[in-house]
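Reader: I have not looked at this one before. Can you take me through it?
Author: Here it is.

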Amino acid sequence: MDKRKNNITSAQLMGLIVSIQVGVGMTGLPSNLATVCGHDGWISVLIYGIIITAVIALIIKLMNRYNNKSIYEINKFLYGKYLGGLLNLLIVLYLWYSVCLCLRSYINVIHADLLRSTPSFVLCVFTLIPTCYLAWYGLKYITRFAQMIYLSIGFCLILYVLVFSELRFNFLMPIAQSGIEGIKASFTPCIFAFLGYDVISIIYPEITNKQKAMKFAIGSNIITTIFFVILVLVTTSFFGEEMLKKSIYPMIKLSRSYRAPIIERMDVLFISVWLPAMAMSIGGYFSVTYYSIRKLLNLKKKVIYLIVFTLITILLSNVPKSISNIKVYTNIMTISGIIFSIFLVICYLFSFIRKKGVNPHV
Amino acid sequence: MAEDINTDVNLYNDYEKNFFIIDETLKDCPDIIRRQVILNSGKKGCFFFVQGLCDLDLFQRDFMTPLLNLQKLDSEEIKYLPNKLPVAGLTFPIVIDKIIQDILAGNAVFICDGLNTGISCTLKKYEKRTIEEPDGEKSIRGDHDGFIEDMATNIATIRRKLKTPNLKFKNFTVGNISHQTVNVAYLENIANPNILQIISDKITQLDSDSFIAIGYLEQIIADHPNSIFPQYLATERPDKAIAGLLEGRFVIMLQETSFVMIAPVTYFAFTQAPEDYSTHWVGATYLRMLRTLATLIAFFLPGMYIALLSFHYYMIPLHLLVQLAQSRAKVPFPPVIEAFMVEFMIEMVREASIRLPSFITSSISIVGGLVIGQTAIQAGIVSDLMVIVIAASAIAGFTMPTYDLGISIRITKYVIMITSSIFGILGVIIPMVMVLAHLIVLDSLGEPYFQPIAPFKFSDLKDTYIRAPIRYLKKRPDIAKPLDKERGKKNG
């Protein structure tokens, strides 16, 4: 009974990954890109999107070599009990770190733009209530909820159409001015925006129709890439390079700049629609981490564990004190995310040398 | 003492002992008639039946007279008895307990000397209501018949509309005291046997004295008994039951109640009315959209209004804000108190008018709605905009075709009103997300409750917010996991 509640389909995996990627990345991506490579951010997004698609393909290949095993079991096969265990611990810590940081940066968005007087601690608690509720029931429900991201993406696209007449595509010219240097420099912000694909390696055993996993995982990355490219294009041509560098959350500023006929302050409505979807990007990380901890420590399904986990998450997420402080932490997360991805690729290569437990399925 | 007598035994050869046991068990039941006779063959015998449940004319003509006229009645002769008695339902119970059950169920039972079996005959006739349109579920373009309290009539109603041998009824007996019959109707070849198994398991595990209404059963066998959302669709309308059966669902019928329960259902089943299918699809789609909008208004409008008024007044357009400020200027209370006062008033009028005769109801609504509402605004207790908002949400709540969902919506609305007054727009959004999360978590007989939205099923969407033309509704919805997914062609 308990096991069935974690089963997801490949199509749901796609929604989950899109929601994690988009939710984490979208608020800060355009301005981060503008600082490092000017108005050519969209080229970098496109290129890194393609690279990450390749990485996702490799991860799925690795997972396919071990039928029904997650990265935790694979580590034990490849590196033995102790080294594998240590690596697993590091992975869980990385995930947990991501949960706290995403929660914190998300809270910051609300705090800075919508609810200035509400303490961030209260916001944390409120954001985690639905997430907690769903995580208690299992991964299946989190992924079902995560499908709402398509709705939010649709809403965003409508917003782009609404502001279309105010876009100035001159801001994008000359194309590729920043050159190779710009692409190199945009490595960190791009990768940070795309992070989230790595959860495939953990929840892969729960996918019911694994034949389609590859297709849908790559599909999720394609959706994210296209969405990010449009996002960067629109924000750059709306604000211009210099203005973009100065704004922290361009997407919200964009919604604020749009003058709706009756409703004043479009951004409040925008955040209202975005809030659930973004909460789910935390929810995705949150439930995957909770799932990993339960799996590694062999915990039973008990409320107390979830509460303890939530409380620690809330406390940790309150550690960063300012936006610049968050940036430092973000860099750490990006670096560990990159290391994790490289590690997964290495595991794939290593599995050809050390063949214990390899059980490829069609 | 009746309790000391063991009735769970076969009939004895001794007639006097048999009679004593049955008589003693049924003592102080003046409605149970014991008619002692001496047969032609000289043997003693006795007829038992319940006055008021048994058709006396038929009993005398077709059961009593032929039996009395028999030349011979013994265990050899009883084999030919079905040919000699011109009655439809004839059984030969041998356990005393079974005989007593038969008597109480309304059969006429005969025991006699020298026979170690009883003769039980179904000659039921009792008063029942005529078939009429259920008051709670009116329909404009639908049928005007409804289920009644008699199960046999209800089964006949369904059978009349679905003339197929595939229509099956699985029979259970529940209630330790009431011994009611529960029938689960389904269409073989369409309904999923796994779900039938789940229902059977749930019903056989029931342990209660009696089930007075189908709601008792519903609350006990619900997957999530603590959820405020209804997980089974209770209805009195045969057309809803038939539509459910044709989609591979199960109809749970309880004896002596006019409501039947349809399961498994999705959330959207509660927002659909049967006449959606009998009008043109454009009109039906319009009505569906209207109800969807009404649901959103009923859920969120008061909460949203309170949040905007208390914290986010900068979101309100300036022209409106001036009006609002003027109407609010006289009111001494914070918006949430104001809202709850109006809401409380409406709830009281509603509750009062349900129980009262209809000619008083109209005066109640005039006093409650017009007089109190108008004077409350003039007295400066509530602002007029607040009355509009609350009344709009209350009326929006009435558009739901089912009563159960209305209560869920109201309770959720109150929660949102309270949270929004404390946390502003966050207090609207977080409950909104929670409601959504809750709907996603819910199951109806193990099938996802919020089905075509999450988990997303594109092909089922054409019968949720919109109602596609009938010719495109060729597939049965996936919620009941039907064995036969296509309508038409193979099965009629």
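What follows is a short exchange about its parts and their packing.

Author: This is a predicted model, where local features need pLDDT of at least 70 and side-chain atom pairs count only at pLDDT 80 or more, while totals for chains, interfaces and linings use all residues. Residues are numbered from 1 along each chain as its sequence is written, and chains are lettered from A and ligands numbered from 1 in the order in which they are written.

Reader: How is chain B divided?
Author: Into domain 1 (2-122), domain 2 (151-266) and domain 3 (287-441); the bounds come from an automatic or database domain assignment.

Reader: What separates the centres of domain 1 and domain 2 of chain B?
Author: 33 Å, taken over C-alpha atoms.

Reader: At what angle do the axes of helix 11 and helix 14 of chain B cross?
Author: Roughly 165°, and the axes come within 10 Å. Axes are lines fitted to C-alpha atoms over the stretch in contact, with angles from 0 to 180 degrees between N-to-C directions. That makes helix 11 of chain B roughly antiparallel to helix 14 of chain B, a label for angles over 145 degrees.

Reader: And what does Phe145(A) touch?
Author: Leaving out residues up to four places away in sequence, Phe145(A) touches Leu134(A), Met280(A) and Gly283(A), along with Ala437(B), Ile440(B) and Ala454(B).

Terms used:
Two residues are in contact if their C-beta atoms, placed from the backbone, lie within 7 Å. Helices (H or I, at least four residues) and strands (E, at least two) are DSSP runs, numbered from the N terminus. Angles under 35 degrees count as roughly parallel, over 145 as roughly antiparallel, 65 to 115 as roughly perpendicular and the rest as oblique.
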